[in-house]
Amino acid sequence: MSTPPLADDFGTWLRRLRRQRDRTQEALADEVGCAVYTLRAIEAGRRRPSREMAERLAAVLGLPAEQWPRFVQLARSGQAPKDEVPAAGSPAPGTPTASLPELLSTKLYAPPPPLHAIPRARLLALLAARPTRLTLVVAPPGFGKSTLLAQLLAQPGERSAWLSLDADDDEPARFLAAVIAALQQQLPGIGTGAINLLRMSPGAQPQAVLTALINDLRGRSTPLALVLNDYHTISGPEIHELLTTLVERGPPELRLLLAARVDPPLPLARWRARGLLQELRAADLRFDRDEATAFLVDRWGLALSDEQVALLEARTEGWAAGLQLAGLSLQGRAEPVSFLTAFSGSHRYVFDYLMTETLGGLPAHLRAFLLQTSVLRRLAAPLCDAVLGLSGSGEDKAYSGLLLAELERRNLFLIPLDDGGRWWRYHHLFGEVLQSQLRAGVASAEVAALHRRAAQWYTANGEHEEALHHALAGGATDLAAELLERLAPILAGDHAIPSLLRQIRVLPDEVLVARPELAAYATWALIESGQAVEAGRLVAAAVGRLPANASATDRGHLLGAQAHLALVRDQYDESKGLAREALNLLDRSATPFRREILDTLNAACDCVDDIAGALEAATASVQLLRGLGQNTLAPEVQVARSIAVQGRMAEAEGQLKQLLDRCTDQSGGFLPAAVLPLKELARLYAVRGEFIEARATAAQALAVAEEYHLTYQTLAALWTLAFIALCRRELAVGWEYVRRNAALAAQTESIWLRAIADGLEGEFTAFTGDNDRAAGWAMRALHLLNATDIIPPHLRDYARSCMNVLLVLGRAHDSLSLATRMLAPAQTGGNQRQIVFMELVQALALQGLGRREEAQATLEQAVRRAAVLDAVSPFLTVPASIAALLPAVRPAAPAFIDQVLALLRDRDGELPTEASRPSARREAAAHQELDEALSERELEVLRLLAAGHSNQAIADKLIIAVGTVKRHLHSIFGKLSVDSRTEAIARAHTLGLLIPPAR
């Protein structure tokens, strides 16, 4: 491949690189997932790609992974290379994928059909003849469920993924991560948005994560079968609900196959009626006469007559495990008749009998190996050597490997877990019987010793989770506590709170409270799961146990736990003090728990309007997460919010737009994490009085939040839309948002969120002119707010609503008193935007009390401050009487006052002059005619986009392909000269394109 000529800028170089790869702009934009206009802007040097877009470009252009960092550096700097050109290679994934511990990769291995298995042709034909959304294979152990599914997946042309479940997966986040990891074996990069949602949003509901995965799968047209083996190990109702959603809402290309011992609690009757379900049960799986003959005579080489096969088939009732054990027991017997007539009864009794017969015929060393290694959930030769107490050197070195090979040759229920012959497991039923015989034959102390040796081997090999399982099973509580201390930061980082709690609860309390770091993580996990009372008892016990000469690290961990507890108890100042003291005590090596403390400090500072403190904590969190190689989106949004409140609006807007670029999928749609920068951008636009952009952005935030079931983000978006409606006095529209906000807030049990909802209801009641109801609301609010000298932080939004209501009712004295009480905390914390609002309330109240000179001085001060902040919205939330006071203070900030008056006149029915309109130059440009008009179909797509629909939903409504939707969006973006969905909606609002055609 020839090298393109060197260029002075990245855009020119990228264009030549694209042409070298034989890509058009349209094709490359479609593969990367951006608008053609955006790619044109990059190649023309007018725009630089985000880091994520640069990585997607590198992946699509086929650059080797080792060249990505250099490529991204060039893209971000806008420079062309001077001495090297990326060579083509195989595409590498451009986004992080789900990661599981190394050993768990064995759960994703689809075992090949056993060598002795016979093809179940009649069952395979049945499965192939009528594939449904869900195939359920239910039967007791030993009926060949896994073998049948392995045979099905081995058919030519079958694309499949496999996941073997166990009790550790009985937790929604872990289950979802395992499912995504299984799918990624066949669809690399699938589910990235879902995994990021799990990691970035600890409060994300599992249904939201699953929705992200389903949306990702809908963009792939490749048929895929996913096997969930041993589903009976799952008992959590939430996981059953997730599976129900996947069956009913998943793409038709995804076929699910479940193997279980009992019927799972799923809506099977509904699925039967809808034709979504195919079932195979024990009666279907039983070997018939021909299959039994093929199995025993042809595969095992047993000299049995037709009558003897019939007898054995009848005695085992066609049970695969029974036939296999019978074949093992009959090998080498000269006279099979007496054996065949000697056993009868239920499957378990038959199995016990045949196991005794089989084990009795094995050499003593092989029998001992089976019993001792039965404590292991997975087998590997070095691990087995360790459990047996062998040195692993000299003659012992190959001992377990040789025995495992012998077991495989004897077909003794050994199932491979990888392609390399390194990992195995016993058939579940076989392993259960071995463990039963082990416990019956040796003392419990000997069994515990086997577990402890397994724990030590896993610990030495860095497999802490499996080591913890065996340490607990072996009663080694000190080792278990030590392992859990290593595992807790990993589980906390992945927000696997249920898993962490499940492990912690196994440890005795005296062990837990004696380890401050572990007690701190346990306290954090309990608080996050809503068990603050238990968390308080635990941390109090740990603090009481702390010796006087305890290390700074131990004291720092417990102080951090106490800080988080104080936060959820609304003791914000105490929380701030404890968090800062904890951070000072913890050295830099204690980085994982520092993240939890920084989050606590940020939240506590935010609650008391300590903007500088919140910004400092968020910035430190960003730096910490970067050092750990973890996602920094959430604290970066916190940073942007803090600097916006300080008045650095343009800087905050730029940062939020960059963050939003990182939250789009390959089709240009928003990932769940996009709701964080979207809601902050909407608030920023609203504060500046740019209500078209604010409404469009908030609507997008609401659509994403509702699609992914993000309760708190949905509330934030509804509050923003209600706030915009209040500023614009679009009260009928706003009431709908207020009602939805109140209904959802009532479900959260949060005093703060309920208070915000109640405050919105009070304001809308007052501004709609219902004075009687508003007066009743104000009396109740004042009673609550006057109960304490200092208004608690969780009631400050409520208090601001109360001031507005009091002003509308003409109760100037009460509103002035409230504003004065709240001004000092806002000034102390540096919340400039809130200071403006308090000063406006004071000015209106002073005017109402006849203190006109004081009112004008206060208003002039508020205007100067607001002009610096570009904060227009405070003047639009207070009563309209503010308009009469503004001309007198116009000299303080003429352009700003003109902008506010224009918005007030526009809102109240008078048309503003063009020169005084906000963002006049930008809006004038927006109203210029388009170079090329949108087609009717493009207008339909644009209106559905503005309504918050995803690409798939638009395709469904218009009965077109998703790829066609993407092409329409690329064309729309180009015609509107925008780069994103949000900008397209804002521009469309400005141009009046979203008004439905007259009927």
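This is a predicted model: local features need pLDDT of at least 70, side-chain atom pairs count only at pLDDT 80 or more; totals for chains, interfaces and linings use all residues.
In which hand, left or right, does α28 pass α30 in this model? Residues are numbered from 1 along each chain as its sequence is written, and side-chain values use heavy atoms, with hydrogens and water left out.

The answer is that α28 passes α30 in a left-handed crossing, a term used when the near helix is turned anticlockwise from the far one by less than a right angle, whereas clockwise would be right-handed. When I say helix, I mean a DSSP run of H or I with at least four residues, and a strand is a run of E with at least two, both numbered from the N terminus. Helix α28 covers residues 516-528 and helix α30 covers residues 552-568, and they pack at an angle of about 15 degrees with their axes 8 Å apart. Those axes are lines fitted to C-alpha atoms, for helices over the stretch in contact, and the angles run from 0 to 180 degrees between N-to-C directions. The two helices, α28 and α30, are therefore roughly parallel to each other, where under 35 degrees counts as roughly parallel, over 145 as roughly antiparallel, 65 to 115 as roughly perpendicular and the rest as oblique.

In the contact, which means heavy atoms within 4.5 Å, the residues of α28 include Trp 524 and Ile 527, and those of α30 include His 557 and Leu 565. The residues of this contact between α28 and α30 divide into nine nonpolar, three polar and three charged; here Ala, Val, Leu, Ile, Met, Phe, Trp, Tyr, Cys and Pro count as nonpolar, Asp, Glu, Lys and Arg as charged, and the others, Gly among them, as polar.

Let me turn to another helix pair, α36 (residues 675-687) and α38 (residues 711-728), whose axes come within 10 Å and cross at roughly 15 degrees. These helices, α36 and α38, are therefore roughly parallel to each other, and α36 passes α38 in a left-handed crossing. Among the residues that meet are Leu 676 and Arg 683 in α36, and Trp 719 and Phe 723 in α38. The residues of that contact divide into eight nonpolar, two polar and two charged.

Most residues other than glycine have a negative phi. Arg 729, however, has a positive phi of about 55 degrees although it is not a glycine.

Next, helix α39 (residues 731-745) packs with helix α40 (residues 751-767) at an angle of about 155 degrees, their axes being 9 Å apart. That makes α39 roughly antiparallel to α40. The crossing of α39 and α40 is left-handed, and the residues that make the contact include Trp 735 and Val 738 of α39, together with Leu 760 and Phe 764 of α40. The residues of the contact of α39 with α40 divide into ten nonpolar, three polar and two charged.

Now for the strands: an open sheet of five strands has the order β2-β3-β4-β1-β5, with parallel pairing, and two strands pair if DSSP finds at least two bridges between them. The edges are held by β2 (160-164) and β5 (277-280), each with a single partner strand, so one side of each is left without a neighbour in the sheet. From one strand to the next, the twist averages 15 degrees. Strand β1 (residues 134-138) runs parallel to strand β4 (residues 254-260) and is joined to β4 by five bridges, and Leu 134 has Leu 256 in β4 as its bridge partner. Helix α7 (residues 145-153) packs on the sheet, touching β1, β2, β3 (224-229), β4 and β5, and the direction of α7 makes about 155 degrees with that of β4.
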